Amino acid sequence: MDLIFDWSKASAMYNGDYLVHLSTIYNKQEMEQIICTLWSIWTERNRVVHGSSAKPAPILASFAVNYLSNFRTTTGKYHAAATNTTTLPAPAPAATKWTPPTGLDLKLNVDATLDANRNIIGVGAVVRNSAGRVLAALAKPIIGNFASHEMEAKAMFHSRNWVIQLQLPIAIVETDALLVANALQYGSTAISSYRDILLDVSSLLSFLPQVNVVHAKRSANMVAHCLAKFALGVDETCSWLDDLPLTFYSVIVNDIPV
């Protein structure tokens, strides 16, 4: 590679200005060769400073050419292998979001959570219409420490009792407790206190014979979940009509269909 340098122009420039000037004259590969040659000269200068004998200029030039050639070959193989074998991870599936009911129907979402250290269950419930508007919400702490399915069944009982008192015509009830949803949909063969709770819930559901109990993923039940967690921090039942505290706004807005 024939490279021509104007040393008089180089001496009149400051620091790296001459390299910038060269980059306007030579292409990328030629500039790589120039930089590699300068690096070889600087490395050899350091060796001489520390007592080694200087290599002849042709040897340094040959070293720089070979070094750059080997570098390009190695990096070329690496990029080719990476292109052939690298598999990008599949994008994470989008979280399932709350879906509104249709027409004039109202949907009740229910959830429960537990503070085992204090033996307190938090019950959360929210009623929304097809526009995602909150018509009523409940955060109720109750004393107890039960298995998760029993806890969720109790949350269902208290929530249904609450909406009946408000005389809200619920068409759909959603819970992220699959066992409870299936038991209420298809009947339960469970025995003991859990079966008694389910019978109580079924009795309340009979006030609305057209109501449909369905299972929802946690990501589609976030407002009720947040209300249940909120209930763990209060001493008595909190309920709201047509609105919720600002604390819950971000969760509600995220659920509103667009």
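## Ground rules

Residues are counted from 1 along each chain as its sequence is written, and side-chain values rest on heavy atoms, with hydrogens and water left out. Because the model is predicted, local features need pLDDT of at least 70 and side-chain atom pairs count only at pLDDT 80 or more, while totals for chains, interfaces and linings use all residues.

## The sheet

Let's start with the open sheet: 6 strands in the order β5-β4-β1-β2-β3-β6, with mixed pairing. Strands here are DSSP runs of E with at least two residues, helices are runs of H or I with at least four, and both are numbered from the N terminus. Two strands count as paired if DSSP finds at least two bridges between them. The edges belong to β5 (212-215) and β6 (238-241), each of which pairs on one side only. On average, neighbouring strands are turned by 15° against each other, direction ignored. For angles like this one, axes are lines fitted to C-alpha atoms (for helices, over the stretch in contact), and the angles run from 0 to 180 degrees between N-to-C directions.

Two helices pack on this sheet. Helix α6 (residues 178-186) touches β4 and β5, and its direction makes about 150° with that of β5. Helix α8 (residues 222-231) touches β1, β2, β3 (134-143) and β6, at about 145° to the direction of β2. Contact, by the way, means heavy atoms within 4.5 Å.

Strand β1 (residues 106-115) is mostly covered, with 9 of its 10 residues buried. Buried stands for under 20% relative accessible area, exposed for over 50%, and partly exposed for anything in between, using a 1.4 Å probe and protein chains only.

β1 runs parallel to strand β4 (residues 170-175), joined to it by 5 bridges, and L106 stands opposite I170 in β4. With strand β2 (residues 120-128), β1 pairs in the antiparallel sense over 9 bridges; there, V110 has A125 as its bridge partner.

## Two nonpolar cores

A nonpolar core is a set of buried Ala, Val, Leu, Ile, Met, Phe, Trp, Tyr and Cys residues joined through side-chain atoms within 4.5 Å. The largest one has 32 residues, and L108, V127, M156, W162, I170, V173 and L184 have the most contacts inside it. Two or more residues come from each of β1, β2, β3, α5 (148-166), β4, α6 and α7 (193-205). The largest share, 6 residues, is from α5.

Another core lies apart from that one, with 15 residues, among them A139, V223, C238 and L244. As for W162, leaving aside its neighbours within four places in sequence, its contacts are L108, A125, V127, A136, A137, L138 and S239.

## Aromatic rings and charges

Rings of Phe, Tyr and Trp (its six-membered ring) pair if their centres lie within 6.5 Å; planes under 30 degrees apart are stacked, over 60 edge-to-face, and the rest tilted. That rule gives 6 aromatic pairs. One of them is the tilted pair of W39 and Y67, at 5.0 Å centre to centre and 45° between the planes. W39 lies in helix α3 (residues 28-49) and Y67 in helix α4 (residues 57-85), so this pair ties together parts 28 residues apart in sequence. W39 is partly exposed at 38% relative accessibility, and Y67 is partly exposed too, at 41%. Together with F63, W39 and Y67 form one aromatic cluster.

Charges also sit over rings, which takes NZ of Lys or CZ of Arg within 6 Å of the ring centre and within 35 degrees of the ring normal. The charged end of R128 sits over the ring of W98, 3.9 Å from its centre. K154 has its charged end over the ring of F146, 4.7 Å from the centre.

## Two positive phi values

N119 is not a glycine, yet has a positive phi of about 55°. N119 belongs to the β1-β2 hairpin, which has 4 residues between its strands, and at 37% relative accessibility N119 is partly exposed.

Q167, also a residue other than glycine, has a positive phi near 60°. Q167 lies in the loop between α5 and β4 and is exposed, at 69% relative accessibility.
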